Amino acid sequence: MKRLCCAIVGCGGIAQRHGQVLQGLEVAQLLACADILPERAQALREKYCEPSARAYPSLEELLDQEEIDVLHICTPHYLHVPMAQAAASRGVHVFMEKPPVIDLGQWEALQALQGQVRVGVCFQNRYNPSVAFCRKLLAEGKPGKILGARAFVTWHREAPYYVESGWRGFLDTEGGGVLINQAVHTLDLLTQFLGHGRVLGASLANRHLQRLIEVEDTLEATLDFSGVRALFYATTAYCQDAPVLVELACEHGVLRIEGEEVTVHWEDGSLYRKDFAQEERIDGKDYWGNSHRRCIEAFYHSVLSGEPFPNDIPGVADTAELMLEVYAAARKDCTPRS
Ligand SMILES: NC(=O)c1ccc[n+]([C@@H]2O[C@H](COP(=O)([O-])OP(=O)(O)OC[C@H]3O[C@@H](n4cnc5c(N)ncnc54)[C@H](O)[C@@H]3O)[C@@H](O)[C@H]2O)c1
């Protein structure tokens with residue numbers, strides 16, 4: 001069996017999930033990792049890498065010294081594209097964390113990598129069983145056409161989450177706030193169900209941590225997907241992480257995904273309800289779910305087989321472009337108060 005040699009750059013929070021998944025993935029060998037904080041790289045090496053693996057203080061040194069097939073990019077947002085470029089220039093495939101880009105210039109640079117190496121973006125919620133169920137139900141036709149949608153992300157983030165990271169909360173390193181960091185997954189699900197979208201109107205605000213962060217903690221947008229209107233609201237100013245809600249109002253029923261629970265209210269009054277979370281043991285934070293594993297496995301199998309990967313650069317274009325368009329519209333009309 002062919003095994004792909006891989007490495008992780010950025011050994012903070014989400015890198016642990018990548019390490020855990022790669023450790024259990026037969027077709028991968030985690031041979032190196034890098035972080036500007038050497039103790040983080042060392043800790044990840046010891047916990048998840050092959051015994052002979054090495055830890056590096058920079059991506060440049062890792063790429064100079066190692067022969068790898070796949071680089072996992074788990075660094076702050078602004079570094080995703082430059083690190084993808086560095087890997088691609090050496091023929092190394094890239095599996096990058098979301099968001100794929102923080103601005104239009106980066107989006108153009110990322111698109112230029114298309115065809116050079118395989119690039120996968122970790123929009124893992126596409127692989128959630130609840131989402132797969134709704135996708136199948138819609139494809140089978142029983143709900144009929146989607147007439148409208150709404151999506152709500154109401155989560156809780158306090159000052160230490162921003163301050164301790166050193167990169168969250170700043171426009172030049174995070175690129176934005178609740179939309180680019182937390183709710184981009186939900187925007188991605190809307191594009192999965194509805195396709196290419198455009199912005200009818202958007203606004204953003206900082207309602208909770210005004211003097212601490214320069215990015216938005218609250219954002220709303222009205223979106224149009226070829227005549228289907230979607231209402232989108234995201235905030236990290238709520239008191240807790242409520243389950244994300246995505247609702248699709250269809251001709252013959254209303255499909256609602258709330259966390260991993262799906263309910264379908266059919267037009268005849270009958271109700272279908274299923275909680276997909278009860279079917280599997282979650283081996284990460286519960287709101288991360290198990291879909292990192294599904295998404296990473298799918299990427300490796302696509303690299304090995306040559307099959308297309310759904311979350312490749314063209315596959316995330318609708319989401320990346322809509323996210324940038326929402327920010328452009330919202331920033332034109334409002335500046336967060338400080
Ligand atoms: N897909 C998801 O659900 C999900 C969940 C959490 C985080 N993420 C994404 O993962 C990325 C990292 O988030 P996190 O929460 O792990 O952040 P983090 O701050 O915990 O980790 C980032 C790590 O990158 C390191 N780093 C910074 N600059 C570096 C450089 N130049 N070279 C090497 N290492 C460098 C930091 O020292 C830190 O250890 C973000 O883009 C975030 O949006 C995705």
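Modeller: Start with Cys-11, which is buried, with 28 other C-beta atoms within 10 Å. Keep in mind that this is a predicted model.

Colleague: Why is Cys-11 called buried?

Modeller: The cut-off for buried is 20 or more other C-beta atoms within 10 Å. Cys-11 has 28, so the label buried applies.

Colleague: Where is the place of Cys-11, and which residues does Cys-11 touch, not counting residues up to four places away in sequence?

Modeller: Cys-11 sits in the loop between strand E1 (4–9) and H1. Leaving out residues up to four places away in sequence, its contacts are Cys-33, Asp-35, Arg-40, Ala-41 and Leu-44. His-185 is 174 residues from Cys-11 in sequence and 22 Å from Cys-11 in space, C-alpha to C-alpha.

Colleague: Which residues touch the most other members of the largest nonpolar core?

Modeller: That core has 95 residues, and Ala-7, Val-9, Cys-33, Ala-84, Val-94, Leu-179 and Met-323 touch the most other members. Helix H9 (residues 178–194) gives the most to this core, with nine residues.

Colleague: How do you know that this core lies between domain 1 and domain 2?

Modeller: Domain 1 (4–124) and domain 2 (126–282 + 313–333) both give residues to this core, so the core lies between them. As for Met-323, its contacts are Pro-99, Leu-179, Ile-180, Val-184 and Leu-187, not counting residues up to four places away in sequence.

Colleague: How many residues of domain 1 are in contact with domain 2, and which elements give two or more residues to that side of domain 1?

Modeller: In domain 1, 19 residues are in contact with 17 residues of domain 2. Helix H5 (104–111) and strand E6 (119–122) are the elements that give two or more residues to that side of domain 1. H5 has the largest share of that side, four residues. The centres of the two domains, taken over C-alpha atoms, are separated by 26 Å.

How values were computed:
Residues are numbered from 1 along each chain as its sequence is written. This is a predicted model: local features need pLDDT of at least 70, side-chain atom pairs count only at pLDDT 80 or more; totals for chains, interfaces and linings use all residues. A nonpolar core is a set of buried Ala, Val, Leu, Ile, Met, Phe, Trp, Tyr and Cys residues joined through C-beta atoms within 7 Å. A residue is buried if 20 or more other C-beta atoms lie within 10 Å of its own, exposed if 12 or fewer, and partly exposed in between; C-beta atoms are placed from the backbone. Domain bounds come from an automatic or database domain assignment. Two residues are in contact if their C-beta atoms, placed from the backbone, lie within 7 Å.
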